[in-house]
Amino acid sequence: MRWWKMLGLAGIMGVAATGVVIARAERRRRAYTPEEIKVRLRERVEKDQPEGRRS
C-alpha cells in the first residue's frame, strides 16, 4: 500500500509544478506594454506577408 501513497504524492507534485510553469508564463506575457504588443504584431505581420503584397 505504501507505493500508492508515493504515486499520489508524485501526482500532486506534478500538478503543482505545472501550475508554477503556467503562472510564470502568464506573468511574462502580461509584462508587455500595449505599445510593445502592437510593435511585435506589426513586425510579425510584415515578416509573414509575401514580397508582392507589402505596401
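Trainee: Which residue meets Glu26 in a salt bridge at 2.6 Å, N to O?
Mentor: In this predicted model, local features need pLDDT of at least 70 and side-chain atom pairs count only at pLDDT 80 or more, while totals for chains, interfaces and linings use all residues. Residues are numbered from 1 along each chain as its sequence is written, and side-chain values use heavy atoms, without hydrogens and water. A salt bridge places a side-chain nitrogen of Lys or Arg within 4 Å of a carboxyl oxygen of Asp or Glu. The partner of Glu26 at 2.6 Å is Arg29.

Trainee: About how many helical turns separate Glu26 and Arg30?
Mentor: The side chains of Glu26 and Arg30 also meet in a salt bridge, at 2.7 Å, N to O. Helices are DSSP runs (H or I, at least four residues; strands are E, at least two), numbered from the N terminus. Because Glu26 and Arg30 are four residues apart in helix 1, their separation is about one helical turn.

Trainee: Is Arg30 buried or exposed?
Mentor: Buried means under 20% relative accessible area, exposed over 50%, and partly exposed in between (1.4 Å probe, protein chains only). Glu26, at 29%, counts as partly exposed. Arg30 has a relative accessible area of 62%, and is therefore exposed.

Trainee: What is the radius of gyration of the chain?
Mentor: This quantity is taken over C-alpha atoms, and the globule rule is 2.2 Å times the number of residues to the power 0.38. For a compact globule of 55 residues the value would be near 10 Å, whereas the chain has 22 Å.
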